[in-house]
Amino acid sequence: MHRNARSIFYPFSIQTHPNEFPGADPGDCPRDIKKEQALLRKCNNALHPDLYGHYREAKFTQTKHHWWWKANRVFDQLEVTKYHTGMVVFLEEDHYVAEDFLYILELMFRKSQDLCPKCNILSLGTYLKTFNYYTYNKKNANGGTS
């Protein structure tokens, strides 16, 4: 690690706040309660279900809150990056990269300049909801690619 490098830690995790926001507050609205019932119950956030009529589930929303906190921390609050205008790579401790990830990132960046000049976020990966090992191994056994 560079001698001036510092680690930053998300201060609002479910682990440190299990029974209050961002954890599951006892006053939170249940996920599937109807808005009318939530208003009668006067539970937290009763006025604001999501687009699908559901209320916040701490275990799922922590990922979003963490990502936005991290982006704001890096770009708005740290002096070393506050005025940075170049590329930034968010690489978390549980992410793995391929040997050519910097090369691929550069190719993606160049191509995005032509295809979408206003785009400013590139993603080198995704989270798989499930992974079918049987299908993956079957394709590889038959000489196919995955």
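The chain contains 2 disulfides, a disulfide being a pair of cysteine sulfur atoms within 2.5 Å. The structure is a predicted model, in which local features need pLDDT of at least 70 and side-chain atom pairs count only at pLDDT 80 or more, whereas totals for chains, interfaces and linings use all residues. Residues are numbered from 1 along each chain as its sequence is written, and side-chain values use heavy atoms, with hydrogens and water left out. A search of the whole structure also finds 5 salt bridges, and a UniProt record places a binding site at Gln-62, Thr-63, Lys-64, His-65 and His-66.

**Disulfides**

- With bonded cysteines counted along the chain, the disulfides follow the pattern 1-2, 3-4.
- Cys-29 lies in the segment before H1 and Cys-43 in the loop between H1 and H2, so the pair ties together parts that are 14 residues apart in sequence. Helices here are DSSP runs (H or I, at least four residues), numbered from the N terminus.
- Both Cys-29 and Cys-43 are buried. Buried means under 20% relative accessible area, exposed means over 50%, and partly exposed lies in between (1.4 Å probe, protein chains only).
- Another disulfide is formed by Cys-116 and Cys-119, whose sulfur atoms are 1.9 Å apart.
- The link of Cys-116 and Cys-119 is right-handed, with 75 degrees about the S-S bond.
- Cys-116 is partly exposed at 27% relative accessibility, and Cys-119 is partly exposed at 38%.

**Salt bridge between Glu-57 and Arg-31**

- Glu-57 forms a salt bridge with Arg-31, and their closest N and O atoms are 2.8 Å apart. The term salt bridge denotes a side-chain nitrogen of Lys or Arg within 4 Å of a carboxyl oxygen of Asp or Glu.
- Glu-57 lies in the loop between helix H1 (35–41) and helix H2 (58–77), while Arg-31 lies in the segment before H1, so the pair ties together parts that are 26 residues apart in sequence.
- Glu-57 has a relative accessibility of 26% and counts as partly exposed; Arg-31, at 34%, also counts as partly exposed.

**Salt bridges within helices**

- In helix H3 (residues 79–82), Glu-79 and Lys-82 are 3 residues apart, a separation of about one helical turn.
- The side chains of Glu-79 and Lys-82 meet in a salt bridge, with 3.2 Å from N to O.
- Glu-79 is exposed, with a relative accessible area of 58%, whereas Lys-82 is partly exposed at 31%.
- Helix H4 (residues 101–115) holds both Arg-110 and Glu-106, which are 4 residues apart, about one turn of the helix.
- A salt bridge of 3.2 Å (N to O) links the side chains of Arg-110 and Glu-106. Glu-106 is partly exposed, at 33% relative accessibility.
- Elsewhere, salt bridges that share partners join Arg-31, Asp-32 and Glu-57 into one network.

**Annotated binding site**

- The "binding site" feature comes from an unreviewed UniProt entry and includes Gln-62, Thr-63 and Lys-64. UniProt positions are given in the numbering used here, with feature names shortened, and annotations may be inferred rather than shown by experiment.
- Gln-62 is found in helix H2 and counts as buried at 17% relative accessibility.
- Leaving aside residues up to four places away in sequence, Gln-62 touches Tyr-10, Phe-12, Ser-13, Ile-14 and Gln-15, where contact means heavy atoms within 4.5 Å.
- Thr-63 is placed in helix H2 and is exposed, with a relative accessible area of 52%.
- Lys-64 also lies in helix H2 and counts as exposed at 52% relative accessibility.

**Nonpolar surface patch**

- Tyr-103, Ile-104, Leu-107 and Leu-124 form a nonpolar patch on the surface, with about 360 Å² of accessible area together. Accessible areas come from the Shrake-Rupley method with a 1.4 Å probe, and for residues only the protein chains shown count as cover.
- Patches are made of residues with over 30% relative accessible area and no salt bridge; like charges are joined within 9 Å, and nonpolar side chains (Val, Leu, Ile, Met, Phe, Trp, Tyr) within 5 Å.
- Leu-124 is located in the loop between H4 and helix H5 (133–141) and is partly exposed, with a relative accessible area of 43%.

Technical notes: Helix = DSSP H or I, 4+ residues; strand = E, 2+ residues; numbered from the N terminus.
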